[in-house]
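Subject: Structure for you to look at

Hello,

Here is the structure I said I would pass on. My notes follow below it.

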Amino acid sequence: MLIVEYYLSLALDFGLLALCLWAFVDSAIRPAAAFPAVDKLSKPAWMGILLLCGLVVYFMGYLSFLGIIAAVGIGIYLADVRPAVRELQEGGSRW
């Protein structure tokens, strides 16, 4: 049973790292002017946050206190910032 828990934990660690890498690359390809245009932190700030989150998850895992905070940071980017910046970049209306 311990082997299953170990591999499940390892899979969740790598999954969260993959999400973090996706979010980091996504923030890198978005235009810098789009972030303040949708009332979010600047592009360098989000890239720094995501880099720090990735380092925390890599070195401490997702089950540590800081790992949970890092997972929340990654989730905020993917659920809140990315859709807003993406909508603005694609020409959606902001009303």
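How many residues does helix 3 have, and what does it reach from its first C-alpha to its last? Helix 3 (residues 43-60) has 18 residues and reaches 25 Å, close to the 26 Å expected at 1.5 Å a residue. The expected span is 1.5 Å times one less than the number of residues, and helices are DSSP runs (H or I, at least four residues), numbered from the N terminus.

This is a predicted model, where local features need pLDDT of at least 70, side-chain atom pairs count only at pLDDT 80 or more, and totals for chains, interfaces and linings use all residues. Residues are numbered from 1 along each chain as its sequence is written, and side-chain values use heavy atoms, with hydrogens and water left out.

The buried residues of helix 3 are Lys-43, Trp-46, Leu-50, Cys-53, Gly-54, Val-56 and Val-57. Seen down the helix 3 axis, they fall within an arc of 160° (taken from the directions from the axis to the C-beta atoms), so they line one face of the helix. Pro-44, Leu-52 and Phe-59, on the other side, are exposed. Buried means under 20% relative accessible area, exposed over 50%, partly exposed in between (1.4 Å probe, protein chains only).

Trp-46 is buried, at 8% relative accessible area, and Tyr-77 is buried at 0%. The two form a tilted aromatic pair, 5.7 Å centre to centre with 55° between the planes. Rings of Phe, Tyr and Trp (its six-membered ring) pair if their centres lie within 6.5 Å; planes under 30 degrees apart count as stacked, over 60 as edge-to-face and the rest as tilted. Trp-46 is in helix 3 and Tyr-77 in helix 4, 31 residues apart.

Regards

Definitions and conventions
Helix = DSSP H or I, 4+ residues; strand = E, 2+ residues; numbered from the N terminus.
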